[in-house]
Each structure stands twice: as structure tokens, then as C-alpha cells.
Amino acid sequence: MSIDLSTTLGPAWFPTPIFTASGCASSGRELAQFFPLKNIGAVVTKSIMVKARPGRPTPRMAETPSGMLNSIGLQGPGIDSFIANDIPWLVEQGARIIVSIAGETVDEYATLARRLRSVPGISALEVNISCPNVENRGMVFACDPVSSRAVIDGVRRIIGGDLPIIAKLSPDVTDIVAIAREVVNAGADGVALINTLLGMVINTETMRPHLGGKTGGLSGPAIRPVAVRAIYQVHQAFPKVPILGMGGVRSGRDAFEMILAGASGVSVGTATFGNPRATLDVQEELEVILTEKGFTTLRSAVGFAHRQDRQDRQDSPEMSGE
Ligand code: SIN
């Protein structure tokens with residue numbers, strides 16, 4: 001029996017719930033030699049800024065136990081080149097496109113939204129308010145409820161009802177549910193959980209920070225339990241708000257875990273560096289697991305762990321009065 005893998009993030013529909021993660025495959029050109037991009041849920045492009053940007057000094061990557069640190073610093077071609085070259089290429093591939101945007105100010109996010117709102121072929125905007133690789137930590141909008149709200153509010157005003165907005169949040173906060181509440185109240189259709197965690201490696205030979213930018217974002221399997229926790233908490237607080245989950249997914253089982261926690265879609269990032277087919281492999285493995293577990297639709301698995309949790313509480317002697 002074939003399973004219905006389709007999913008939605010707000011008003012945007014996707015045939016499968018497995019996407020690339022922003023930042024790990026640029027605009028997808030490198031991955032297209034390994035599988036047709038139209039065969040996965042969507043390509044989430046590397047966060048694009050208003051102007052071209054060289055990024056941070058090298059080295060920009062460091063291996064860590066079960067993960068890696070990156071300190072790319074939002075390198076990219078700028079919005080004009082992106083609209084002229086990358087979007088038409090992705091449309092030609094038949095890929096569904098989620099465009100990730102990043103700005104240094106609230107106005108820059110609004111400018112990007114203005115440039116993108118009438119570009120055909122875009123399924124949704126991921127508003128990245130959580131990049132850790134910026135000089136000024138005050139620019140990590142997602143660490144502050146007021147700034148998070150201001151960015152999403154500004155983008156929503158420009159976009160109107162035209163495109164779904166997914167706010168990408170940082171795990172480096174005390175209460176991620178409070179930040180999720182702000183962005184949803186400001187007009188986000190969903191949230192992307194989680195961006196990388198701020199980390200650091202010191203080279204014990206040179207006795208100096210390894211990364212050119214000193215600090216970097218930690219990704220890979222080491223952070224998956226943090227992502228699952230964040231997804232679970234946000235889904236529990238706002239069961240109707242769609243979540244795009246990410247953070248260390250490298251197998252169908254990892255994606256299934258995030259879906260059980262409450263994710264309607266799952267992005268595969270760091271795993272792609274070791275296995276460029278990882279996104280498709282995860283999708284194929286997920287389909288097998290869902291079938292084995294008796295699900296006929298992806299949707300019925302979303303947040304399933306919460307239903308179990310509620311059931312267990314009802315069945316406990318304390319709740320049943322035994
Ligand atoms: C980067 O380009 O520095 C990574 C972007 C991000 O983590 O949001």
C-alpha cells in the first residue's frame with residue numbers, strides 16, 4: 001500500500017516532508033547531480049541577503065564530536081543575482097523552493113520580502129532571524145522576543161497574504177516557546193526549529209580559537225536531542241502551528257523522531273556533506289518506517305508522541321484514581 005507523504009506548512013503544500021536545510025547545499029546545484037531536486041519536498045536555499053557578501057575569514061569549519069562547527073558568515077551573491085540566476089534554475093529543475101532570507105536590520109528583511117514577493121515559483125519564505133555567525137550578537141534577532149516580532153511583522157506587512165512565512169528560531173534562548181509565540185502573533189505561518197547552537201573550538205597546538213570568526217554554529221547529530229526537545233515544546237504549546245524540524249537528521253528514523261515530536265516537515269543539512277544523497281535517502285527510509293508502523297498518511301504521524309504522552313497520563317494510576 002502506498003503512503004500519502006504529502007504535507008503542508010501553512011498554505012504551502014509539498015508532496016513529501018523531506019527538504020534540504022538552508023546553508024548546506026547553496027541553491028541546490030551541487031546536489032542536482034546526485035538526484036532530481038523535484039523528487040524531494042523542497043529545496044531550502046542558503047539564506048540570502050540584500051548585498052553580495054564574502055562571509056567570515058577562514059578557517060570556517062571545524063569537526064566536533066558527532067557534529068561540526070561552521071562560521072560561514074552568510075556568504076552569498078546578494079538578492080539581485082539570486083533572483084536572476086538561482087530561482088529560474090530551480091524552477092527549471094521542477095523543484096519546489098523555500099527561499100531563506102537574512103538581514104542586518106528589520107528594514108533589510110522588508111527589502112528582501114519586497115524583492116521576492118512577486119517572483120514566481122517560490123512556495124514559502126524562511127525568515128532566518130537566528131544566524132549565530134554575525135559580529136554583533138544583537139543581530140541575532142531570535143534571541144530577543146521584541147526583535148523577533150519586529151522582523152516578522154515587517155516581512156508580513158510587505159508580503160501580505162501572498163507567501164507563507166516560516167520563522168527560523170535559535171535554540172540559544174531560555175524559552176523557545178516564548179519566541180515562537182511572538183513570531184506567530186506577528187504573522188508567521190510556521191517556525192523552523194532549530195538553527196545551530198553557538199559554539200567554539202580552541203586549537204590546543206596554536207592555543208588560539210580554530211575558526212577565523214572565533215565562534216561558530218554547531219550542527220550534526222550532537223544537536224538532534226536539542227532540536228527534538230524544541231519541536232516537542234513548541235508543538236505542545238501550539239499544536240496547530242506547522243514546524244519545519246532540523247538539526248542532525250541523517251536517517252529516516254531521525255526524521256521520524258522529529259515528526260513524532262510535532263514536525264510537519266524535516267530538513268536534512270550536515271549529513272549532506274558526507275552523503276550528498278542524504279536528503280533522498282532519508283525520505284525513502286522514512287516512507288518504509290511509516291509503513292512499518294502502520295501509518296497511511298504522514299499527517300497522522302505528526303505529533304504522535306504527544307498523543308501517546310496524553311494517553312499514558314490518562315492511563316497512569318494517579319490520573320485514573322487508582
Ligand atoms: C552562516 O552562513 O554563517 C550560517 C547561517 C545560519 O546558521 O543561519
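Guide: This is a predicted model. Start with R29, which has a relative accessible area of 38%.

Visitor: Why is R29 called partly exposed?

Guide: Buried needs under 20%, and exposed needs over 50%. R29 has 38%, so R29 is partly exposed.

Visitor: What makes R29 and D86 a salt bridge?

Guide: The cut-off is 4 Å between a side-chain nitrogen of Lys or Arg and a carboxyl oxygen of Asp or Glu. The closest N and O atoms of R29 and D86 are 3.6 Å apart. That is within 4 Å, so the pair counts as a salt bridge. The partners belong to distant parts of the chain, 57 residues apart. R29 is in the loop between β3 and β4, while D86 is in helix α1.

Visitor: Is D86 buried or exposed, and how do you know?

Guide: D86 has a relative accessible area of 10%. Buried means under 20%, so D86 is buried.

Visitor: How many salt bridges does the structure hold?

Guide: It holds 11 salt bridges. Among them is the one between R224 and D254, at 3.4 Å from N to O. R224 is in helix α5 and D254 in helix α6, 30 residues apart.

Visitor: Why do R224 and D254 count as buried?

Guide: R224 has 18% relative accessibility. D254 has 8%. Both values are under 20%, so both residues count as buried.

Visitor: What else does R224 pair with?

Guide: E257 forms a salt bridge with R224, with the closest N and O atoms 3.3 Å apart. E257 lies in helix α6 and R224 in helix α5, so this pair ties together parts that are 33 residues apart in sequence.

Visitor: What makes R224, D254 and E257 one network?

Guide: Their salt bridges share partners, and this joins the three residues. R224 bonds in this way to D254 and to E257.

Visitor: Why is E257 called partly exposed?

Guide: The relative accessible area of E257 is 33%.

Visitor: What describes the packing of two helices?

Guide: Two packed helices are described by the angle and the distance between their axes.

Visitor: What are those values for α6 and α8?

Guide: The axes of α6 and α8 come within 7 Å. They cross at roughly 65 degrees. The crossing is right-handed.

Visitor: Which residues meet there?

Guide: From α6 come G252, R253, A255, F256 and I259. From α8 come V282, E285, L286, I289 and L290. These residues divide into seven nonpolar, one polar and two charged.

Visitor: Where is R56, and why does R56 count as buried?

Guide: R56 is in the loop between β4 and β5. Its relative accessibility is 9%, which is under 20%, so R56 counts as buried.

Visitor: What makes R56 and S71 a polar contact?

Guide: The side chains of R56 and S71 are joined at 3.4 Å. The cut-off is 3.5 Å between N or O atoms, so the pair qualifies. Not counting residues up to four places away in sequence, R56 also touches others, including I72, N133, E135 and T215.

Visitor: Why is S2 called exposed?

Guide: S2 has 66% relative accessibility, and exposed means over 50%, so S2 counts as exposed. S2 is found in the segment before β1.

Visitor: How far is S2 from A62?

Guide: The C-alpha atoms of S2 and A62 are 42 Å apart in space, and the two residues are 60 residues apart in sequence.

Note on methods:
Residues numbered from 1 in each chain as written. Predicted model: local features only at pLDDT ≥ 70, side-chain atom pairs only at ≥ 80, totals over all residues. Heavy atoms only, no water. Helix = DSSP H or I, 4+ residues; strand = E, 2+ residues; numbered from the N terminus. Buried < 20%, exposed > 50% of the residue type's maximum accessible area, 1.4 Å probe, protein only. Polar contact = N/O pair within 3.5 Å; in protein donor to acceptor, adjacent residues only side chain to side chain. Contact = heavy atoms within 4.5 Å. Axes fitted to C-alpha atoms, helices over the stretch in contact; angles between N-to-C directions. Left-handed = near helix turned anticlockwise from the far one by under 90°. Nonpolar A, V, L, I, M, F, W, Y, C, P; charged D, E, K, R; others polar.
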